[in-house]
Amino acid sequence: MRPALLQALAALLLATLAGPAAAQADAPTSETVRRLSEAWRWRTLSGEHTRLGPTFMAAGPRNSLIAMAPTSIGIYDGYAWKVPDAWTALPIAMEHTWYRSAHAVDNGLVVITGAGVFGMTPDGEYRRLDDGENYRDWSPGVSLRDGTVIVAVRDSLQRADALGLTPWMDGPPDAGRIFGVAVCSNDDLWASAEAGLFRYHDGEWSAQTLPAGTNPDDRYSFMRTNGSDVLMLGNFSNGEPCGLLKTEEQGLTRLDPREISAMTHALLTDDGVVILATRDKGLRVFEDGHWFEVTPPEDIDAYILALCKLENGRLIVSEASGSMSVCNLQSDAWASIDTDRDVDGPAPIGGTVRALALSQRGGLWVGGVHGLARWNGTAFVDSPAHGSADANMLSRISALHEDGDGVLWAGSSTNFLGLCTWDGDAWQRVRDVPGLSDQHVDRILPAWDGGVWVLTTGDDYMVATPPTLMRWTGREWHGFGEPEGLPKGRCWDLVTDADGSVTVATMRGLFTRPAGQATWHPVDAPAPHDGQFKRLLMDVDQNLWVASDRRGGGVFVRRRGEWHEIFDGRGLTISASALISGHTGQMWCAGPSGLYVIHDDRAHPLTTAPTANFESALADGAGGLWLGTIGRGLLHHRPMDDSPPRTFDLVANPQERDGAYLVTWDGADAWNETPGRFLHFQYRAGGGLWSATQRERRVVLHDLPYGEQSVQVRAIDSAGNVEPVAAQVAIDVPLSPWLGPGGTIAAGLALALLGALLIVSIRRRKERRDARLALLASQEAERGRFSRELHDNLGQLLTALGLHLERASGDQIDPERRAAALREALRCCRETQDRVREVSTMMRPQVLDDHGLPQAIDSTLDEFSRTAEVAVITHVEVGTAEIPKDAAVNIFRILQEALTNVARHAEATTVHVTLVKTGPRLELTVKDDGLGFDTASGVHSTHIGLLGMNERAHLFGGHCQVRSTPGNGTTVHAVFVPGSVKSPVSGS
């Protein structure tokens, strides 16, 4: 066992033990049931030992977990399992042996099994504490408030620690053998013995009367408890549980036996709620005199073996399937607010929330698909649209803002035009304002001088002239458009800099207006995937953030004039409906792809989010977020997870290649708050810069300097917490053999060889460069042909179509001439459709994507034979294996180029086309009986089309040869090996 692990285990073991649908119609709502039913609270514990299916669990020091399975025992510290090798040698493999209980003490662990009592020390060793004669007579132990462990043997009680047993006190008089002991919150000691159930209170033992309806067999029972006031009794002969008693001052109360017939474990929470584990119904809850059924996530097994509750509010569940899960009962990181409830009447807001705004009245305004209301933290208290003449109009709210005078501004992007304001008594419409009264409203934002900015939808086709950016100064409206430098079309978002300059996102890009100026100027911007920025943010450091809210969009930030793109850990672009900066400078991104925390230009997905579709977001001023969702109403997120993740098992091993080292590690978050697959890591060598974040738990380092080098790795969880002290491993890099004796001669020979190889490499690189340039030239020629086709043919047809439609729409034209003009317009439409279909087929035949390469070849050859009046003989034999798309595209392009050459130069009457698959190779042959040419002249080697064909084949590990002689036709033979792609190619 490694010394580091022993030291960590010793420190852990020596620490002081730190201290929904109701079953009955009239049962009140249970808060415990709600928490147990929320899927985001649950996590699966990581580590191989979680698959052992522990049958007993106990709280260890510092909120660790002691878990005992039939053949193994381990401690989970919240990050990883620790199982010393010596513990696996415990004598528990004997017949009729099992773990009964385990307890953390100052000097280690006390474990009671069916084979006796054992003490386990911090160094991983164990010792037998009993005499080995009465090992079957020991009862499960119980931990007192002072850390003392009490265990019963026959009719006496003994104190235990990791080093030995000492007599403590006699059991109840004439009670016979003691089967189990338990202690309750008032320090009363209970004992279940042959003569019945006994209680030790104020220094005396007294026999207890069992509640009415208790099975007489219960008195021959053992007892299990989890530091609570619930006693779980079981039949001693078969170990089956048969009773659940709740202790009270006036005696014992038996919980309804019909509800607990299949129980396996029970515990009492700090607020007096009984949580019951069963064999057939999973978890059940007894609260305020009612039984409740719990609906945990689907991956929680209904057959639960054992429960354990830690002081940090985590409930540990062991399932019969062998897995273990943890539910955070304490954290309220997410609060879900039902926006479909009644709001001052019968009209709810609706499940989709698109707009949020803070209110001076307290709380925030919430705009949904059915209306708007104010949430004061506990209820919706205002619904200004309800009961008014505008009740139906004021729905599908997309923009909200409350100004400094307490006036609420509201707009919609789908249901009503213009802008409405509410002063607390009545609604008013903003009328007779060009560009505003007849437009939908996207955004309402405060201006630095107390005014209001309003962004309208305008015309998505960028034809309409009214401005889409309006400003209310407090006295009048002013619009911004083309005269001020803004292009036509929609404005999406706006931000104000610290110096008063304003930046706006439009359909044509970003534009800024410096403070004190009236003209807008374009801003150099990155090229997002959808071509439009829709969300802007200026952070506390005056860095500009821009984003698109489409799934194919992206998030960018400009620092000191340079743009950086934000990726998530998989290298994919993210999209945002809202960019938010918290009061601590934390950056959040919420959108249709989920909720992210941005750290080091990486977006870490928040894995606890109960939904993945966010429409709007607003910082709550206390480090949390208000989030409007699609279909899930309003959510409030309070980031409770502040425990940093941990990196461990960091190892570096040399590789076969000189100077390369493989560094591997593992990591975990505290109690798996961030599941392992979502953790990110950074590394650095020799104290250099930290790498970009990655999910992989390995890296190969090359060319490390001679001497001892330090490699550090740190973990980052989905809440943005960074491991404070990075894990570190030292690598002793040896002196390179090239610098030792004899290295000079070897180096000289190597340099000579490298020189020869360099000459060959330069020559081949020139050939490859010429071929690539040829391929690019071929592509440009193809694009030029498409451009001419669009301009000469489609342009003329569309011009004629416009003229005919203009003539038909004239006021003075007679019906017969109008009908003739419409017929000509229809003819132009049909010809345009035909030409578009031809150009589309030239650029990329749809049949290639829909039916594959063989069908595309047949279709192309049919068209070639008809237009070029050349007979075509085809043989295609490629089997049933799927041809990779890139290979299929480039084979098809070579065939097109070869047929084009035949049509232009060969004067052939017959063309033979063959495509066969042999093993991993695909071979294409195009042979004609045309004029041919002299390949020895070298003219063909510089022909752009032929060079392009050879380059396409070379990219797929093959080649393309052209054989021809004058008068004997030409043969083009191309070989592809799709499994050895050298470079991606799009086949344009």
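A residue counts as exposed when its relative accessible area is over 50%, as buried when that value is under 20%, and as partly exposed in between. The tour below applies those cut-offs to a predicted model.

**Whole chain.** Start with everything selected. The protein chain has 988 residues, and 50% of them count as buried. Its secondary structure comprises 8 helices and 68 strands. The accessible surface amounts to about 46,700 Å², with 50% of that belonging to carbon and sulfur atoms.

**Helix H3.** Select residues 743-808, which form helix H3, and pick out Leu751 within them. Leu751 has a relative accessibility of 61%, so it counts as exposed.

**Arg154.** Next, go to the loop between strand E12 (149-153) and strand E13 (156-160), where Arg154 sits. Check the backbone here: Arg154 is not a glycine, yet its phi is positive, at about 55 degrees. Is the residue buried, partly exposed or exposed? The relative accessible area of Arg154 is 44%, so it is partly exposed.

**Trp671.** The last stop is the loop that runs between strand E59 (661-668) and strand E60 (680-685); select Trp671 in it. Trp671 also is not a glycine and has a positive phi of about 55 degrees. Show its surface as well: with a relative accessible area of 6%, Trp671 is buried, whereas Arg154 is partly exposed.

Terms used. Residues numbered from 1 in each chain as written. Predicted model: local features only at pLDDT ≥ 70, side-chain atom pairs only at ≥ 80, totals over all residues. Heavy atoms only, no water. Helix = DSSP H or I, 4+ residues; strand = E, 2+ residues; numbered from the N terminus. Buried < 20%, exposed > 50% of the residue type's maximum accessible area, 1.4 Å probe, protein only. Areas by Shrake-Rupley, 256 points an atom, 1.4 Å probe, with all protein chains shown as cover.
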